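Let's take a look around this structure together. Have the sequence and the 3D view open while you read.

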Amino acid sequence: MSTSSTCSQISEALIAGRQEELLKHIHSALEQGTEAEQIMNEGLVAAMDAVGQRWKAGDMFLPEVIRSAKAMSGAMEIIRPKLIESNVKTMGTFVIGTVLRDLHDIGKNLVAMMMEGAGFKVVNLGIDLEPQVFVDAVKEHKPDILGMSALLTTTMPQMGEVINALKEAGIRDQVKIIVGGAPVTEEFAQEIGADVYAANAAATVDKVKAMMSAA
Amino acid sequence: MATTRANQIDNITPRFALLSDDQKQRIYLGMIKTLNDTGAHVHHDEARDILEQHGARVVGERVFIPPQLVRRALSTVPPTTTLFNWEGEESCRIEIGRTYFGPGPTPPFFIDPDTLERRKYLRKDAAMVARVCDALPNIGYVDSLGSISDVTNGLADLYEHADQIQNTTKPLMSWAFNVENCRDEHRIGIVLAGGEAEFRQRPNFIHYGEPISPLVSDYHAMSKCVYCATHRIPQVYTPCSIGGATVPASHAGQLVVGLSEAMVGVVVAQLINPGTCVVIGGVQSILDMRQSIYSYGAPELSLLSAALTEMVHFCGLPMFSTSGCTDTKTMEAQSGMEAALSIHAAMLSGATFVHDNGYTESGKTGSIFQTVLDDEIIGMARAIQQGIVVNDESLALEQIKRVGPGGHYLYEDHTLEWARRHWRPTLMDRDSYEDWDRKGRPAMRDRVVKKTRDIIENYEGPAARVPADARKQIDAILAEAEERVRSQSRPKQLQ
């Protein structure tokens with residue numbers, strides 16, 4: 001079977017969100033000697049671009065998009081180490097969590113899944129997190145982007161606390177920071193010294209991609 | 001104004017029924033089984049201990065509540081609870097069959113009454129919203145439509161409560177960030193009631209609390225629930241369940257989880273203080289799977305709210321429902337359509353409190369203009385809900401015979417009497433073309449703005465009547481809260 005037809009099979013499985021089938025195609029493509037970079041670009045990225053376009057056009061809905069994103073995450077676990085081996089630039093690492101005294105989970109998880117779908121390695125820290133947890137995670141995972149979420153006006157300032165803690169630890173400059181959550185605004189993001197504000201999960205992916213390509 | 005269930009002999013109330021008895025039974029059993037088998041997280045040591053002492057199984061934060069505990073809680077919920085205003089007058093009866101429409105709490109943004117632009121919610125808005133709601137005949141209780149941004153961080157709730165309670169004679173619903181602020185709101189209630197025992201006798205506000213969907217009672221929600229139960233503050237304990245995201249996308253599954261989430265609060269409150277008032281329900285709508293927003297204008301909101309109302313009534317509890325809200329950002333046909341459908345559905349389903357009248361932008365922006373528009377819609381929905389009187393007088397056979405074929409009824413005494421009962425518009429346009437043209441061709445938006453600004457300018461409300469001594473004590477409570485927050489917050493250095 002030709003490489004391009006394998007890549008189109010990979011794309012097809014990814015768009016349909018069929019993870020098992022997707023991984024099978026990826027393994028067989030690798031066995032046939034297809035480069036990881038080609039699988040990534042012609043199979044996975046092409047498919048996720050199509051998913052994004054179909055979603056925006058109203059031909060795909062969130063649960064379908066999430067299926068594709070989770071499948072993408074599984075695929076990247078195989079592909080990422082091979083890309084790194086051959087010195088190909090990967091999409092990077094994204095660390096995300098909900099700040100201290102805030103137990104709201106769903107919006108943050110949605111962002112995490114969409115970022116997985118965009119090919120990022122995602123570390124989802126959870127909810128109700130002390131600033132130090134973010135600091136430790138930045139040190140450990142060396143992410144390109146740190147995302148923070150809050151749903152309450154009382155917990156929003158905790159995002160500023162995290163940024164201060166990163167400054168104190170001397171690592172604020174090592175990571176771009178994106179913030180979101182229902183009461184969070186562009187203005188607030190600037191006030192606390194975040195790099196970017198995103199209004200929703202899809203906007204997060206777009207803004208992070210724009211930020212990465214500008215960097 | 002309350003809507004009283006009409007006399008069943010003269011006046012058959014047109015209530016619709018969504019669920020059959022069998023369906024209700026199955027959803028109820030689904031809730032019982034979910035609480036027993038799946039359980040819920042309760043991030044509150046005392047609440048978990050109480051639940052365990054009474055037979056719940058506790059594993060870490062998770063509590064599995066057996067059927068008998070739920071049934072016991074439902075047996076001690078009061079069938080009726082009376083609320084009062086700060087002047088000590090009866091303002092509302094919390095019971096199945098009475099309906100009160102009102103605004104909702106905590107959107108971060110607000111439509112500025114002068115510029116009509118979206119901006120942050122300010123302290124001055126809270127008193128204004130209370131006054132406007134006080135003036136609107138079809139709004140039955142007061143809430144804020146926002147979260148104050150221009151006071152000390154962490155005290156928005158308390159300032160809102162202090163300002164709103166003085167600016168209305170209608171029942172007040174107040175929320176709180178935490179149990180300390182809840183206690184301060186209670187203290188303000190006590191000041192105005194004239195003592196703690198007097199407050200228990202004549203509670204002058206109802207607390208609004210919210211667990212996190214799915215099935216999580218966080219520390220703040222539960223500690224306020226415990227506090228209110230202990231001190232006999234009537235309370236609402238309701239989740240915002242997001243269909244397809246925090247709860248199943250199937251409506252029956254959503255009803256099971258939504259009911260279970262709230263029931264945790266009912267069980268804890270009744271174990272702590274049997275007979276304390278708890279209202280459940282909440283925002284029940286879906287996640288829009290294209291825009292990933294929680295839709296406040298979806299027809300599913302009306303459907304789910306009406307169905308949950310039936311389930312909550314099935315459990316013998318008063319329902320906290322939702323209506324009069326929209327996903328759009330400006331006053332236009334969509335805001336009217338969405339509000340009208342949800343208000344009509346809520347009216348027919350007969351929930352006790354119906355909140356969020358005045359929510360726009362999917363709950364992110366409060367608008368007093370939307371509340372004023374909703375007031376008119378509620379009036380229209382009530383006219384339908386009141387049904388048709390059928391008796392000898394209303395059948396009017398004598399008048400029909402007297403007027404006969406080809407006559408008219410305009411001169412009949414009977415007409416004078418009965419035409420008074422027809423609903424009369426205050427915002428709806430029924431002008432002739434010429435009159436409408438002469439007035440400058442006003443659209444609904446123009447009429448709403450005019451009416452709202454007119455109320456803001458001319459309606460005073462009861463605040464001036466609050467005794468100076470009470471006002472001083474309220475100010476002292478606010479000052480103490482400021483001190484508490486100052487001492488709690490660590491000194492920060494922003495670079």
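## Rings that pair up

Let's begin with the aromatic rings. Counting over all chains, this predicted model holds 10 aromatic pairs. What kind of pair do B:Tyr28 and B:Phe314 make? Their ring centres sit 5.6 Å apart and the planes meet at 65°, so this one is edge-to-face. The cut-off behind that name is an angle over 60 degrees.

Now find the two partners along the chain. B:Tyr28 belongs to helix H1 (residues 21-38) of chain B, while B:Phe314 is part of helix H10 (residues 299-314) of chain B, so the pair ties together parts that are 286 residues apart in sequence. B:Phe314 comes out as partly exposed, with a relative accessible area of 34%. Elsewhere in chain B, ring pairs join B:Tyr100, B:Tyr141 and B:Phe353 into a cluster.

## A covered helix

Stay in chain B and look for helix H5 (residues 156-166).

## Where the two chains meet

Next, zoom out to the two chains. Here 24 residues of chain A are in contact with 23 residues of chain B. Together the chains bury about 2,000 Å², and 60% of that is on carbon and sulfur atoms. On chain A's side, A:Leu103, A:Ile106 and A:Thr154 supply 22% of the area that chain A buries against chain B, more than any other three residues.

How about charges and polar atoms? Four elements of chain A give two or more residues each to the side that touches chain B: helix H3 (36-57), helix H4 (62-85), helix H5 (106-117) and helix H7 (157-168). H7(A) gives the most, with 4 residues. Sorted by class, chain A's side has 13 nonpolar, 7 polar and 4 charged residues.

Technical notes: Residues numbered from 1 in each chain as written. Chains lettered and ligands numbered in written order. Predicted model: local features only at pLDDT ≥ 70, side-chain atom pairs only at ≥ 80, totals over all residues. Heavy atoms only, no water. Contact = heavy atoms within 4.5 Å. Buried area = accessible area lost by both parts, 1.4 Å probe. Nonpolar A, V, L, I, M, F, W, Y, C, P; charged D, E, K, R; others polar. Buried < 20%, exposed > 50% of the residue type's maximum accessible area, 1.4 Å probe, protein only. Phe/Tyr/Trp six-rings, centres within 6.5 Å; stacked < 30°, edge-to-face > 60°.
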